[in-house]
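Open your viewer and keep the selection tool ready. We will go from stop to stop.

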Amino acid sequence: MTKPVVYHIPVCPFSQRLEILLALRGQPDAVEFRVVDITKPRDPALLAKTRGTTALPVLETHEGKILKESLVILRYLDEVLEGAPLRRSDPYEHAVESMLIAKEGPFTMAGYSYVMNQDMDQREALNEKLLALYRDINAFLLEHNPEGTFLFHEFGLAEAVFTPLFKRFWFLDYYEDFDLPDEPAYARVAKWRTACMAHEATDQVSEEEIVKLYYDYALGAGNGALVNGRKVSSFVFEPRWQDRPMPPRNKYAPSASDKDLGLVVED
């Protein structure tokens, strides 16, 4: 093995963090990405490497050592790649970006809980929980760079962490009609989010791709699990997502059929 290998799901936000880092560092080929099909049982050889862990991405160093957790892998690659790291070099500024990155876990959980929710009576509470987290990030950005666009003067490590989630939350725009209110409490974070999503290093996925592949998440079935009454996951590689129709927006209605979703090809 001549370079690190990342076992991943192409559309996974935690994997996209690594792709963004490599793009920003100008070394997109420094890591070999090997695709894992989550609609099928894990390869026993991969499970042996990870000691039974199925969470992705996983990095295997050129020495055969295994690293797990995307933030750990992100920081590791940022340290070992040639050239100046993406993280802030000033100790205080690095601490500040680390504080913002620490907010990612609850933010991720709130977004995914919202899209996977199947109880219409919980929609308002889930919406408010996510908005509260946006307000918290807004306040943080105002404290540390009130007039800027990014956390500091350019796209950095915190942006690489959050941007894939901003893009995955397209599924909330589509399936829950979610949007940030046009109010001062969200203005700074909205500016940040827009700039992050528009950055040229973050174009690995599209809104159409996210909406189509995450349809089953919107029905409460994550990680390649099957929705009741369906035989094919929306995460399958074939038929290609580009060739499928857009899924129905009403996630609280019964699931569309595999045929309706373009997941089966008729002879």
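Select arginine 249 and tyrosine 174. Arginine 249 lies over the face of tyrosine 174, 4.5 Å from the ring centre. A charge sits over a ring if NZ of Lys or CZ of Arg is within 6 Å of the ring centre and within 35 degrees of the ring normal.

A word on what you are viewing. This is a predicted model, where local features need pLDDT of at least 70, side-chain atom pairs count only at pLDDT 80 or more, and totals for chains, interfaces and linings use all residues. Residues are numbered from 1 along each chain as its sequence is written, and side-chain values use heavy atoms, with hydrogens and water left out.

Now select arginine 88 and phenylalanine 152. The charged end of arginine 88 sits over the ring of phenylalanine 152, at 4.5 Å from its centre.

**Ring against ring**

The structure holds 20 aromatic pairs. Rings of Phe, Tyr and Trp (its six-membered ring) pair if their centres lie within 6.5 Å; planes under 30 degrees apart count as stacked, over 60 as edge-to-face and the rest as tilted. Select phenylalanine 107 and phenylalanine 166. This pair is edge-to-face, with 5.9 Å centre to centre and 85 degrees between the planes. Phenylalanine 107 is in helix H5 (residues 104-116), and phenylalanine 166 is in helix H7 (residues 157-168), 59 residues apart. Helices (H or I, at least four residues) and strands (E, at least two) are DSSP runs, numbered from the N terminus.

Buried means under 20% relative accessible area, exposed over 50%, partly exposed in between (1.4 Å probe, protein chains only).

Select leucine 56 and proline 57. The peptide bond between them is cis, with omega near 5 degrees. Proline 57 is in the loop between helix H2 (44-50) and strand S3 (58-60).

Move to glutamate 238 and proline 239. A cis peptide bond joins them as well, with omega about -5 degrees. Proline 239 is in the segment after helix H11 (215-218).

Next, select glutamate 69. Its phi is positive, about 80 degrees, although it is not a glycine. Glutamate 69 lies in the loop between strand S4 (66-68) and helix H3 (70-80). It is exposed, with a relative accessible area of 57%.

Last stop: asparagine 223. It lies in the segment after H11. At 56% relative accessibility, asparagine 223 is exposed.
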